[in-house]
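My entries follow in the order I made them.

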Amino acid sequence: MSQRSVLDPAVENDFPNFVTHLECSYTGEKLPANQLHGLSPVGKPILVRYDLKALAKAVTKEDLAKRPGGFWRYREFLPVRDTKNVVSLGEVMTPLMPLRKLAGKGGELIVKDEGRLPTGSFKARGLALAVAMAKELGITRLAMPTNGNAGAAMAAYATHAGMETTIFCPDDTPEVNVSEIEYQGGKVYRVNGLINDCGKIVGDGKEPTGWFDCSTLKEPYRIEGKKTMGLELAEQLGWEVPDVIFYPTGGGTGLIGMWKAFDELEAIGWIGSKRPKMVAVQSTGCAPIVKAYEDGEEHAPLWENAYTHASGIRVPIAVGDFLILRAVRESGGFAIAVTDDAIDVAQAEVVREEGVLLCPEGAATYAAYKQSLADGRIKSTDRAVLYNCATGLKYPMPPITRTLDKNQPIDYSTI
């Protein structure tokens, strides 16, 4: 099927749709599909459920292989019904980049480079789905808190869909992210606080403004977009899963989404029961999930005075904390914190040895990989996947001071 037939309602008005209901992730309470939902009645994230038996009969791996790249190719696994509601900015299947020089002896180390997506980050996956479903449900105004990349993705996709967006970010958010949000059509405000403070402003503003809160896991569909990371990875690996996945974890939507994807793929018979160890990577300056994991807790309390220059993982409290921790524990994985200094060293090592420019959050996963090899939590022979969540080109790089004067003789022996 061509890309045109996926996106053009004149050719195909409806996606095959297998959504049966929505479900509270904490209590299991069933909720109706095709209605507007935020959090569940007990204030927890909502999951989308599908008729997987019917889905398995409707599409095969061979069907999928004939389709163009990009996450809309997994339409049977997604909740959008009408193709006129698809919002696409030219998504691609993000590449797997082997780090052969840096891999453990006898193993594989692979970067999945999500920086190749529209707006330069993996936030495109979740926000494309959230905006598409908002369009399908008649929403015209969205709001969210962001540390940068999510706001840029929502502004771009919502503008493309003709929606209004209002976005709040911590006042130390990098200027490139703030400018990107505004330039792509979002109305952005700096807030003298962290992302949870921005989130409170969004939540408190729902009634007086009428906007829909699109915060992480406070609506059901961003997780469905992030789920495509797991679907795509399994397909790229020949319908297998790696031994371990290192995931930079703030709100954790992608980690939760991939875990859901692997369950759905097993249910339809496309993969077996093997699961990768899911590793939640945080910074020592903001590590609520790591502390809860180490303490054996189900929920992670607010991390006070959070700090890390890897701003995407600077999330002091996560509404989906218990879902992250369940996936980590059920997979036999773990949560690990690395220092900002280790992140800087890791970023420099990967780009200088392999020519792959990671963002700080992506570099945190390589720092965690090295630390986990050293302490024996993973084996050198493992096939490990690192998620680079955004292009490194959005972030500051070390200054270069070498110069030449064209009017002076050049001593080439010093060059």
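Entry 1: I started with strand β1, residues 19-24, and found five bridges joining β1 to β3, the two strands running antiparallel.

**Entry 2: confidence.** I note here that this is a predicted model. The pLDDT of the protein chain averages 94, and 97% of the residues score at least 70. The exception I wrote down is residues 1-6, where the pLDDT is below 50. That stretch still has 17 contacts in the model beyond near neighbours in sequence. Where pLDDT is low, predicted coordinates should not be read in detail. I left the stretch there.

**Entry 3: Leu52.** I picked Leu52, which lies in helix α2, residues 52-58. Which residues does Leu52 contact, once its neighbours within four places in sequence are left aside? I found Glu264, Ala267 and Ile268. I also took a C-alpha separation from Leu52 to Tyr183: the two are 131 residues apart along the chain and 41 Å apart in the model.

**Entry 4: the six-stranded sheet.** I moved to another open sheet, which has six strands in the order β4-β5-β13-β10-β11-β12 and mixed pairing. Its edges are β4 (96-98) and β12 (334-338); each has a single partner strand, so one side of each is left without a neighbour in the sheet. From one strand to the next, the twist averages 25°.

Inside this sheet I followed β10 (residues 244-248) and β11 (residues 277-283), which pair in the parallel sense over five bridges. The bridge partner of Val244 in β11 is Lys277.

Then I looked for helices lying across these strands. Helix α9 (residues 253-267) lies across β10, β11 and β13 (383-388), and runs at about 175° to β11. Helix α13 (residues 360-375) lies across β5 (108-113), β10, β11, β12 and β13; its angle to β12 is about 110°.

**Entry 5: helix pairs.** Two packed helices are described by the angle between their axes and the distance between the axes.

*α4 and α8.* Helix α4 (residues 123-136) packs on helix α8 (residues 222-236) at an angle of about 135°, the axes being 6 Å apart. The two helices are therefore oblique to each other. The crossing of α4 past α8 is right-handed. On the α4 side I listed Lys123, Arg125, Gly126, Leu127, Leu129 and Ala130; on the α8 side they meet Arg222, Glu224, Gly225, Lys226, Thr228, Met229 and Glu232. By class, that contact has four nonpolar, three polar and six charged residues.

*α5 and α6.* Are α5 and α6 roughly parallel or roughly antiparallel? Their angle is about 15°, with the axes of α5 (residues 149-161) and α6 (residues 175-183) 8 Å apart. That makes α5 roughly parallel to α6, because angles under 35 degrees count as such. I noted a left-handed crossing for α5 past α6. Asn149, Gly151, Ala152 and Ala155 of α5 meet Asn177, Glu180 and Ile181 of α6. The residues of this contact divide into three nonpolar, three polar and one charged.

*α10 and α11.* The axes of α10 (residues 288-295) and α11 (residues 321-330) come within 10 Å and cross at roughly 55°. That angle makes α10 oblique to α11, and the crossing is right-handed. In α10 the residues involved are Ile289, Ala292 and Tyr293, which meet Asp321, Ile324, Leu325, Val328 and Arg329 in α11. I asked how many residues of each class this contact has. The count is six nonpolar, no polar and two charged.

Notes:
Residues are numbered from 1 along each chain as its sequence is written. This is a predicted model: local features need pLDDT of at least 70, side-chain atom pairs count only at pLDDT 80 or more; totals for chains, interfaces and linings use all residues. Side-chain values use heavy atoms; hydrogens and water are left out. Two strands pair if DSSP finds at least two bridges between them. Helices (H or I, at least four residues) and strands (E, at least two) are DSSP runs, numbered from the N terminus. Axes are lines fitted to C-alpha atoms, for helices over the stretch in contact, and angles run from 0 to 180 degrees between N-to-C directions. Angles under 35 degrees count as roughly parallel, over 145 as roughly antiparallel, 65 to 115 as roughly perpendicular and the rest as oblique. A crossing is left-handed if the near helix is turned anticlockwise from the far one by less than a right angle, and right-handed if clockwise. Contact means heavy atoms within 4.5 Å. Ala, Val, Leu, Ile, Met, Phe, Trp, Tyr, Cys and Pro count as nonpolar, Asp, Glu, Lys and Arg as charged, and the others, Gly among them, as polar. pLDDT is the predictor's confidence in each residue, from 0 to 100.
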